[in-house]
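These are my notes from one sitting with the model. I list what I looked up, entry by entry.

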Amino acid sequence: MVLSALPHNFALHYCQSKYFHYLCIKQGMDNDMRTKLLLILATAWCAVAVMAKGKVYDVAAYVWPAYHDDARWHEIGIFPDGKGEWESVYNAVPKFEGHRQPRVPLWGYFDETSPKVQEMIIDKATKYGVNTFIFDWYWYENRPFLEDVLDKGFLGARNNEKMKFYLMWANHMATAYWDRHEADKGKYYWRGEVTREVFDGFVDHLIEDYFGRQNYYTIDGKPVFAIYEVGTFINGMGGIDEAREALEHLRRECVKAGLPGVHLQAILWDALPETASRNPEDKSHNKDNTLKALGFDSVTNYQWCHLVSPTMDYQQWGEQGQAFYEQYDREMSVPYFPHVSIDWDNNPRFPGPAQGCVTGVTPQKFEAFLRRAKDYVDAHPNQPPLITINAWNEWSEGSCLEPDTYYKYDFLKAVRRVFK
């Protein structure tokens, strides 16, 4: 019998069996020899199991944790139904011929803060190859916002260690963009900038409550922390030097807590950070140098709408979005993790006339873009095999892996075909 051809779990039981030890004794092996043989066989079987399984990809979907009643919705007077942004989803209407609204969730309008709901979500996501969640994380007026989905739901789920997670600090201005009744989207409730004192205050919260968890996503052992708007962060700190020192403080505090540091990830937009020069001849303040000066370790995207106007056919939109892969390869001195967006239609958030949106989306086109992202990862074997997807549940922007009643599980099946 060729032992290395045995299924991995069967091989493990075989090594632990009395029959295996009987054969070793019959061959005259003492305890030391049996132990060495066990180590050799275990190593060989693990290698065979990995080769049989194939490369493991870190497929990370952004989570918009807004589908529940949060006390701070009431502070700003929106979503009175008590279901969070589900209210915009089930009140959406088609605004032109063929407009696929409302998007109806196949699993219903559930409360995301429920651990049982999150257990179901984790089981479904991992079954189809999504093994990491990136939670949009908020801190306004020195207080948390929308943390209950993570704290009560996800971390309360009995199976949460099946899924890795990390945080993306969504440090944008909180505006009436969320309010489906408000036409003036420039109206704002909370600013995105924070002072150094506020930043230092929530650093302790990040480390104590998230970074040290067993299933927090790491690169080289360092917890990954993404920042959505680098320019807003710099402005809040008072300049690039002050911003760098704040991030150095975060690193030092991580080391003090017994972590090897922190892996800082920047979310790339087409626009340069506000402190960077738009003059292509000025190399001292270009995008890459700004990020290097701050000590960022990697970059990715949040949505293709940040790169390309979402007013065209999905095929054209995705091709233009993925064209940035080559540009980032040339211009970035830190690893770029490829991104794929599913769709863009934020009409549920707008009263009145139709807003521009992507058309012609299909799971088949999405799958082809996933394969391009996978090819990019395979062509960069010296960096982690991470792909980011927008999104797990951006229902009000039309970009969801969660199944709806029209496509059902087709987008998740596309992920499984490519990565599992």
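I looked up the exposure of Gln-315 and found it partly exposed at 25% relative accessibility, where buried means under 20% relative accessible area, exposed means over 50%, and partly exposed is in between (1.4 Å probe, protein chains only). Gln-315 sits in helix 12, residues 314–322; helices (H or I, at least four residues) and strands (E, at least two) are DSSP runs numbered from the N terminus. I found its side chain in a polar contact of 2.9 Å with the side chain of Glu-319. A polar contact is a pair of N or O atoms within 3.5 Å; within protein, one must be able to donate a hydrogen and the other to accept it, and residues adjacent in sequence count only if both atoms are side-chain atoms. Not counting residues up to four places away in sequence, Gln-315 touches Lys-365, Phe-369 and Arg-372, contact being heavy atoms within 4.5 Å.

Basis of the entries. This is a predicted model, in which local features need pLDDT of at least 70 and side-chain atom pairs count only at pLDDT 80 or more, while totals for chains, interfaces and linings use all residues. Residues are numbered from 1 along each chain as its sequence is written, and side-chain values use heavy atoms, with hydrogens and water left out.

Confidence. I read a mean pLDDT of 89 for the protein, with 84% of its residues at 70 or more; pLDDT is the predictor's confidence in each residue, from 0 to 100. Over residues 44–52 the pLDDT is below 50, and this stretch has eight contacts in the model beyond near neighbours in sequence. Over residues 271–285 the pLDDT is also below 50, with 21 contacts counted beyond near neighbours in sequence. Where pLDDT is low, the predicted coordinates should not be read in detail.

Overall. I noted 15 helices and 14 strands. Of the 420 residues, 54% count as buried. Among contacts between residues at least 6 apart in sequence, 75% join residues at least 24 apart.

Helix 9. Why do I call helix 9 largely enclosed by the rest of the structure? Six of its eight residues (230–237) are buried, so I do. The buried ones are Val-230, Gly-231, Thr-232, Phe-233, Ile-234 and Met-237. They pack against strand 4, helix 8, strand 8, helix 10, strand 9 and helix 11. Gly-238 follows the helix with a positive phi, near 105°.

Two buried polar side chains. Thr-132 is in strand 2 and is buried at a relative accessible area of 0%. Its side chain has a polar contact of 3.2 Å with that of Asn-131. Leaving aside neighbours within four places in sequence, Thr-132 is in contact with residues including Val-59, Met-163, Phe-165 and Tyr-217. Glu-87, in helix 5 (residues 86–90), is buried at 3%. A polar atom of the Glu-87 side chain lies 3.1 Å from the backbone nitrogen of Asp-81.

Pocket and cavities. I used a 1 Å grid over the protein atoms alone: a cavity is a set of points where a 1.4 Å probe fits but cannot get out, a pocket is an open set with protein on both sides within 12 Å along at least five of seven lines, and lining residues have an atom within 4 Å of a point. Grid points are joined across faces, edges and corners, and a volume is the space filled by probe spheres set on the points. The largest pocket holds about 360 Å³. It is lined by 22 residues, with His-172, Tyr-177, Tyr-228, Arg-349 and Glu-397 nearest its centre. Strand 2 (132–140) and strand 5 (174–175) each give two or more residues to that lining. I counted three cavities of 30 Å³ or more. The largest cavity has a volume of about 100 Å³, and among its 14 lining residues Arg-100, Arg-103, Cys-400, Asp-404 and Phe-411 lie nearest its centre.

Backbone. The peptide bond between Gln-101 and Pro-102 is cis, with omega about -5°. The bond from Asn-390 to Ala-391 is cis, with omega near 0°.
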